[in-house]
Amino acid sequence: MIAITGATGQLGRLVIQALLKRVPAEQIVALARHPEKAGDLGVAVREFDYDQPEAMVIGLQGVDRLLLISSSELGKRAAQHQAVINAAKQAGVKLLAYTSVLHATGSALGLAAEHQQTEQALAASGVPYALLRNGWYNENYSAGVPAAVAHDALLGSAGQGRIASAARADYAEAAAVVLTTDGHVGKTYELAGDTSYTLADLAAEISRQAGKTVPYNNLPEAEYKGVLVQVGLPEPIADLLANSDAAAAKGALFDDSKVLSSLIGRPTTPIADAVAVALKG
Ligand SMILES: NC(=O)c1ccc[n+]([C@@H]2O[C@H](COP(=O)([O-])OP(=O)(O)OC[C@H]3O[C@@H](n4cnc5c(N)ncnc54)[C@H](OP(=O)(O)O)[C@@H]3O)[C@@H](O)[C@H]2O)c1
């Protein structure tokens, strides 16, 4: 049995779709904090809340392979992931695949700290595991594309840093491959897009598709954060986005190993596709 945490999230839904192309639905279990949101997934659903340790052991009965999709509750994640690892150990899970972050060890990204803690917890746990160190999603830029066109500028703080992003669906397919084939225990996969771009390149692509000039305006980290707060983002999110851009300037979102495309057996989805989807609205 293969189980997916965060199955009602955007990545989780795509992983279930990718799994359904590879194995019968009867072999898949969606683990959801709110099971009522998982009724349309086409697989069995079990309640699974990272904050309820005992119930998680029951949720994992009969599960051989588990995908732990990192929690979206920043600041609580390391403890929540530790609780999932403990439950997986008790339930006898034979492979725990964890969605970490690109180049987690030594990453300049502020959000890497909780991933490092989880990777250390896995190493200490005795549970057989694999690390899916996911790079940036193309979709992280989707919301910003129409805004950039409307305001005649793409803002950011990533300087000349190259970003090797890929579609969420690409990362989901890689997870499905790891969950349905053998030989992944102990492996670390640095997953990123085949091609990379600077935010100036992204602005040029937006300009090309929108048919108007949208220049890239690089701001110091604190100034970019201020703009994000001004347009209504909560301060912690603004802080995270500005910090991530500053880390991207130092290369934190770049990788040219092409491990992702070799795992999924096809090229990754280019950022131009995400720009096109965002402009179609
Ligand atoms: N690589 C990137 O560019 C990137 C970007 C953003 C996020 N991420 C990371 O990748 C993860 C997956 O991305 P995503 O786009 O699928 O995020 P998402 O749509 O926000 O999904 C997060 C999932 O985590 C679940 N969750 C949160 N707290 C939980 C808890 N206490 N117990 C059980 N489940 C809980 C959510 O459940 P509900 O459906 O009940 O809310 C949801 O299913 C994120 O959580 C984040 O750690 C990566």
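**View 1. Salt bridges in the predicted model.** Welcome to this predicted model, in which the count of salt bridges comes to 16. Side chains of opposite charge can pair when their charged atoms come close.

View 2. Which residues come nearest to the ligand? Of the 24 residues around the ligand, the nearest are T8, L11, R33, S70 and N140. For L11, a backbone N or O atom lies 2.7 Å from an oxygen atom of the ligand. For S70, the distance from a backbone N or O atom to a ligand oxygen atom is 2.6 Å. G135 brings a backbone N or O atom to 2.9 Å from a nitrogen atom of the ligand.

View 3. The domain assignment divides the protein into domain 1 (2-134) and domain 2 (135-167 + 191-255 + 266-281). Twelve residues from domain 1 and 14 residues from domain 2 take part in the contact. If you step back to take in both domains, their C-alpha centres lie 28 Å apart. Domain 1 and domain 2 bury about 1,100 Å² between them, and 68% of this area is on carbon and sulfur atoms.

**View 4. A closer look at the domain 1 side.** Which residues of domain 1 lose the most area to domain 2? They are L102, L109 and N134, which together make up 44% of what that side buries. What kinds of polar link cross the interface? Between the two domains the count is zero salt bridges, while three residue pairs are in polar contact across the interface. Strand β6 (residues 129-134) gives the most to the side of domain 1 that touches domain 2, with three residues. By class, that side of domain 1 has seven nonpolar, four polar and one charged residues.

How values were computed:
Residues are numbered from 1 along each chain as its sequence is written. This is a predicted model: local features need pLDDT of at least 70, side-chain atom pairs count only at pLDDT 80 or more; totals for chains, interfaces and linings use all residues. Side-chain values use heavy atoms; hydrogens and water are left out. Domain bounds come from an automatic or database domain assignment. Contact means heavy atoms within 4.5 Å. Buried area is the accessible area (1.4 Å probe) that two parts lose on being put together, summed over both. A salt bridge is a side-chain nitrogen of Lys or Arg within 4 Å of a carboxyl oxygen of Asp or Glu. A polar contact is a pair of N or O atoms within 3.5 Å; within protein, one must be able to donate a hydrogen and the other to accept it, and residues adjacent in sequence count only if both atoms are side-chain atoms. Helices (H or I, at least four residues) and strands (E, at least two) are DSSP runs, numbered from the N terminus. Ala, Val, Leu, Ile, Met, Phe, Trp, Tyr, Cys and Pro count as nonpolar, Asp, Glu, Lys and Arg as charged, and the others, Gly among them, as polar. A residue is near a molecule or strand if one of its heavy atoms lies within 4 Å of it.
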